[in-house]
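Please read the following note beside the sequence and the model. The points are ordered so that single residues come before the chain as a whole.

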Amino acid sequence: MHDTTPTQQPTETNRIYGGLVSARGLDLDQFESIQTQVHAWTTEAGTGVKFVETRGLPIVDIVLRFKAGTVQDTAHTGLAALTLYMLDEGSQQYTATQQAEHLERLGAIVEKQIRLEHATLSLRSLSTQAVLGQALAVFTDLVARPAFPNSALDKIKPQLLQSSASRERHPVLRARSEAFRHLFSGHPYGSPLGNTEQGVTAVTTDDLRTFHQRAYSASNLEMVVVGDLSLAEAQALSRQISEALPQGWLATDLPTVPAPTRATLHVEQPGASSAVLLALPLNVPANDPQFPALLLASDVLGKGLESRLMVELRQRRGLTYGVHTHVLPLRAGGLFTTEWEVAPAHVQGSQELVVALLRDFIEQGPTPAELRVARKQLEGQLLRSVAQNKRLAALLTEFTHHRQPEDHLNTYIERINRLTPADVRTAMQRHLDLSYTVQVSVGPSVEQQPLPAPHQ
């Protein structure tokens with residue numbers, strides 16, 4: 001399908017970006033189709049399950065995503081993270097050492113991750129019944145029946161506090177934290193690290209058990225299974241995990257995020273460069289019809305060497321090695337962010353330049369050539385993810401969390417292919433408001449200098 005939207009006469013800015021070399025000589029309108037059959041069901045215990053059968057490799061990937069992220073820290077900050085990290089510190093059947101030895105002998109891999117809205121555990125195992133059966137038994141025991149020994153909690157607490165302190169010292173991560181604290185002040189999203197020394201110190205093993213019985217219940221779980229299994233085998237597997245878990249609790253919906261306010265924040269920190277972040281509130285769920293247009297806008301702005309921001313900040317002015325945009329959808333409200341590192345003397349100038357480029361882009365939208373390249377990039381990302389079991393499992397987990405329909409994978413490319421420059425411009429003008437810009441810089445305070453003149 002070719003874009004037949006009439007275009008305006010280009011401005012000077014559009015002339016810079018209208019002749020992307022990577023688009024020349026390529027037929028970027030030819031999109032591959034995806035036909036991935038996603039089976040979906042709900043177990044008797046209330047667990048939602050997605051399954052894709054893939055027979056190319058004798059591998060099974062299982063992802064368990066509980067609504068047990070740091071926003072559920074109602075008793076003590078740090079409780080959600082400590083609960084997750086204590087799951088592989090021994091169960092009612094095995095010690096932590098025995099768990100690790102069993103999984104290593106089977107060649108199985110268990111990973112875990114905590115985020116604002118969810119806690120995720122994953123298992124990768126060979127699909128042969130002898131191996132998968134044993135790996136699944138250890139994994140299920142680990143998740144469903146943790147022992148929470150005091151000795152392990154005493155070891156994990158200082159490790160968690162040290163990790164949090166390290167994140168606070170990392171300029172880019174500190175900038176993100178400050179943006180969240182400002183935009184979501186008083187909301188559970190306002191504590192992105194999810195723990196404080198006071199809260200972590202106060203957590204007891206009884207707190208862990210209570211939290212686990214609620215947050216790690218079968219009805220609070222979304223499960224994804226991808227790999228070398230039949231539908232019947234996947235259903236049996238999901239039933240085994242679901243029935244072993246605590247029963248009968250579901251996370252409540254989050255409160256509405258506070259009204260946004262504009263701010264310019266600076267965190268003093270020594271270093272040779274400054275981390276800079278620009279954030280805009282973006283209260284658009286990922287299953288909103290206009291969300292794909294915002295993803296395309298993000299790609300045109302800050303994905304790849306020929307994105308608008310990269311051309312202007314790196315290639316034409318030599319200000320930074322990289323500048324990146326991100327769209328972060330959350331259940332109660334998300335963010336549109338731009339991040340870069342720059343010499344401390346050019347913090348203010350680069351902020352003003354990025355705001356000007358954003359304003360111009362929101363007003364004019366992308367050129368047809370930029371949009372074709374961005375669509376091809378998104379298509380390539382999706383095709384690569386679908387081709388690899390582990391990435392496909394992660395992708396399905398994200399889609400499930402954001403309440404996408406079962407046919408989302410198979411229709412996504414077609415939907416982004418239909419989007420025009422006018423569609424993208426309309427979505428940005430509706431959802432991105434620069435009057436609520438939050439700018440954060442982390443680095444040393446120095447006298448500001450004019451930006452270098454651009455190279456043509």
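Does phenylalanine 148 count as buried or exposed?

1. At 2% relative accessibility, phenylalanine 148 counts as buried, where buried means under 20% relative accessible area, exposed over 50% and partly exposed in between, with a 1.4 Å probe and protein chains only. This residue is found in the loop between helix H4 (129-144) and helix H5 (150-169), and its phi is positive, about 55°, although it is not a glycine. Helices (H or I, at least four residues) and strands (E, at least two) are DSSP runs, numbered from the N terminus.

2. On the basis of these values, the model is a predicted one, in which local features need pLDDT of at least 70 and side-chain atom pairs count only at pLDDT 80 or more, while totals for chains, interfaces and linings use all residues. Residues are numbered from 1 along each chain as its sequence is written, and side-chain values use heavy atoms, with hydrogens and water left out.

3. A positive phi also occurs at arginine 403, a residue other than glycine, where the value is near 60°. Arginine 403 has its place in the loop between helix H14 (389-401) and helix H15 (408-418). Within H15, the buried residues are His408, Leu409, Tyr412, Ile413, Ile416 and Asn417. An α-helix has 3.6 residues a turn, so residues three or four places apart point the same way. The cover over the buried residues of H15 includes helix H10 (291-302), helix H13 (368-386) and H14.

4. Four aromatic pairs are found in a search of the whole structure; rings of Phe, Tyr and Trp (its six-membered ring) pair if their centres lie within 6.5 Å, and planes under 30 degrees apart count as stacked, over 60 as edge-to-face and the rest as tilted. One of them joins phenylalanine 66 and tyrosine 216 in a tilted arrangement, with 4.6 Å centre to centre and 45° between the planes. Because phenylalanine 66 lies in strand S3 (residues 59-66) and tyrosine 216 in the loop between helix H8 (205-215) and strand S6 (221-227), this pair ties together parts that are 150 residues apart in sequence. Phenylalanine 66 is buried, with a relative accessible area of 0%, and tyrosine 216 is likewise buried at 0%.

5. Phenylalanine 180 and phenylalanine 184 form another tilted aromatic pair, at 5.4 Å centre to centre and with 50° between the planes. Both of these phenylalanines are buried, and Phe180, Phe184 and Tyr189 form one aromatic cluster.

6. Glutamate 222, in strand S6, counts as buried at 12% relative accessibility. Leaving aside neighbours within four places in sequence, the contacts of glutamate 222 (heavy atoms within 4.5 Å) include Arg65, Lys67, Arg331 and His401.

7. For the chain as a whole, the secondary structure comes to 16 helices and 11 strands, and 54% of the 456 residues count as buried. With 456 residues, a compact globule would have a radius of gyration near 23 Å, and the 24 Å of the protein chain agrees with this; the radius is taken over C-alpha atoms, and the globule rule is 2.2 Å times the number of residues to the power 0.38. Of the contacts with a separation of 6 or more, 83% are accounted for by residues 24 or more positions apart. Along the principal axes, the C-alpha atoms fill a box of roughly 70 × 50 × 40 Å.
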